[in-house]
Amino acid sequence: MGIVIYGMAVLVAGALAYSLLSVIAALRYLASAPASDPKPFPLEPISVLKPLSGLDEGLEENLRGLFEQDYAGSFELVFAARHGSDPCVPLVRRICAEYSNIPSRLILTGEPPYAHAKVYSLTRMMAVAKHEVLVMSDSDIRVTPDFLGRVAAEFADPETALATCPYRAVAGASMWSRMEAQGMNTTFWQGAFTAKMLEGMTFAVGPTMVARRKFIEEAGGIASLKDYLAEDFELGRRMAASGHRVILSSYVVEHRIGSETAAQNIEHRKRWARTGRRSRRLGYIGQIFTYPVPLALLLWAAAPFEWWPVVAATLAVRALSAWVTSRVVLKSRTNWLLLPAEDILGFVFWIAGFFGNSITWRGRTYRLDREGRAIAYEPAAYEPAA
C-alpha cells in the first residue's frame, strides 16, 4: 500500500509541475503571439469557407459576423449545405441578399460519398473558391469585425502555411454544455499551449484554421483527410512534418458550443477520447498530468490525514492555471463550482478512452485503426432530403 501511495504522490507532483508549466506556456503565448497589425503589410485576398448543417444556436449572428468584416483587402464567403431542404439554406440566402456588396455564394453538395461530411464540403468549396488564402471555419464560430485583418497580418509571411485560431468556448443553457466549456477553456488549451512551448506547432485544431491552398495540396489535398476523424490535427501534422510554418494565431474566436443532452455529451466525449488516443498515443498517456485535482483526491482518499495539505495546494495551483488560461489568455470567465466536477468527469473519460475502438459519428458506427482512421462502419443511410 505504501508503494502505491507514494506512486500516486509522484503523479500528483508531476501534475502540479505540469500545471505550473502550463501557466508559463500560456503567458509565453501572449508574449510571442504573431504580430496582429495588418497595416504595414499588403493584404492578400481571402476565401472564407463555411460548411453548414442545420440551424446551430446563434447561427445568424455567426454568419453576420463574417459579412461585417472591416477588412481593407478583398474577400469572399463560400457556404456549403447538403440539400436545399436544410433549414440553414433560407437563412444563408437571405443574409447573402442583404449583404449584396460582399461576394458570397452557397453551394449544395448533395450527400457525401464518404463518412467525413466536413471534408467533402471543404473539398467542394475549395473547388469554387477564388483565392489562395483559405479560412476554414465551423458553423458554430463567431468573430469580430477585425478577424480577417488580424489573420491576414499573420499571413504576410509567404512561408506561413497554416494557422490555428485558439477558441473561447461559450456554453449553451445545459449544465453539460457549461461543464464542457470549462474543460475546453482550461484543460484543453493548457495542453495546447504547453505542447506549443515544448514541441512547437506540430498540430492544428479544427474550429477555425487558415491555410494557403498550395500547402494543402502539397499535403495531399483536403480529400486525402477523409478517413481521419481528427482531420485538423492530421493536416497540421503533415504540414509541420514537411517543414512548413505552422502557427498558433493571435486571434481568439468564439466557439458557441450550444446545449446538449447527457447522452449526446457522453457520446461525443467518448469519441474525442478514443480518437485522441490514436492521434497522439504517447501524448494521450501523458494527459494524466493534466488532471491534478482527481489525482490529489485519490491520494487523499488513500491517506486522508497525511495528504490533505497536498489537496489544498493542488486546488490552489489548479485555480491559478485555470485562471491564467481562461481569463488572462482566452478572456473567458471560470465557473469555480463546475470546474472541479468537470476535472473529475474529464479524468473519467480519459480513462475510458483506453478501452474500445468504436465510435458513433453522424449516426454511423465506426471502428478506428491505430492512426485514428475510420476504417469500417455499419452501413446506415443518411437522412433523406425532404
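What is the order of the strands in the open sheet of 3 strands? In this predicted model, the order is β5-β10-β7, and the pairing is mixed. Local features were considered at pLDDT of at least 70 and side-chain atom pairs at pLDDT 80 or more, whereas totals for chains, interfaces and linings use all residues of the predicted model. Residues are numbered from 1 along each chain as its sequence is written, and side-chain values rest on heavy atoms, with hydrogens and water left out. Helices (H or I, at least four residues) and strands (E, at least two) are DSSP runs numbered from the N terminus, and two strands are said to pair if DSSP finds at least two bridges between them.

Strand β10 (residues 253–258) runs parallel to β7, with 5 bridges between them, and Y167 stands opposite V253 of β10. Across β7 and β10 lies helix α6 (residues 175–199), at about 165° to β7. Such angles run from 0 to 180 degrees between N-to-C directions, the axes being lines fitted to C-alpha atoms, for helices over the stretch in contact.

Helix α6 also holds T194. This residue counts as buried because its relative accessibility is 4%; buried means under 20% relative accessible area, exposed over 50%, and partly exposed in between (1.4 Å probe, protein chains only). Leaving aside residues up to four places away in sequence, T194 touches Y18, L21, S22 and A25, where contact means heavy atoms within 4.5 Å.

The other open sheet has 7 strands in the order β3-β2-β1-β4-β8-β6-β9, again with mixed pairing. Strands β3 and β9 each have a single partner strand, so one side of each is left without a neighbour in the sheet. On average, neighbouring strands are turned by 20° against each other, direction ignored. Helix α5 (residues 147–154) packs on this sheet, touching β1, β2, β4, β6, β8 and β9, and its direction makes about 120° with that of β1. Helix α4 (residues 117–128) in turn lies across β1 (46–51), β2 (75–81), β3 and β4 (133–137), running at about 150° to β1.

The pairing of β6 with strand β8 (residues 208–212) is antiparallel and spans 3 bridges; here T164 stands opposite M209 of β8.

The nonpolar interior comes next. A nonpolar core is a set of buried Ala, Val, Leu, Ile, Met, Phe, Trp, Tyr and Cys residues joined through side-chain atoms within 4.5 Å. The largest core has 84 residues, of which I46, F147, L148 and F193 touch the most other members. Apart from residues up to four places away in sequence, F147 contacts Q69, V135, C165, T208, Y251 and V253. Another core, lying apart from the largest one, has 19 residues, among them A15, A296, A303 and V311. As for C165, this cysteine is buried because its relative accessible area is 1%.

Aromatic rings provide further links. Rings of Phe, Tyr and Trp (its six-membered ring) pair if their centres lie within 6.5 Å; planes under 30 degrees apart count as stacked, over 60 as edge-to-face and the rest as tilted. The whole structure contains 17 aromatic pairs. Y6 and W307 form an edge-to-face pair, at 6.2 Å centre to centre and 80° between the planes. This pair links distant parts of the chain, 301 residues apart, with Y6 in helix α1 (residues 2–32) and W307 in helix α12 (residues 304–329). W307 is buried because its relative accessible area is 15%. F67 and Y99, in contrast, are stacked, at 5.0 Å centre to centre and 25° between the planes. F67 lies in helix α2 (residues 59–67) and Y99 in the loop between α3 (88–98) and β3 (104–108), so this pair ties together parts 32 residues apart in sequence. Both F67 and Y99 are buried. Ring pairs also join Y29, Y167, F188, W189 and F193 into a cluster.

Finally, the search for disulfides (cysteine sulfur atoms within 2.5 Å) finds 0 in the whole structure. C96 is in no disulfide, and the nearest cysteine sulfur, that of C88, is 11 Å away.
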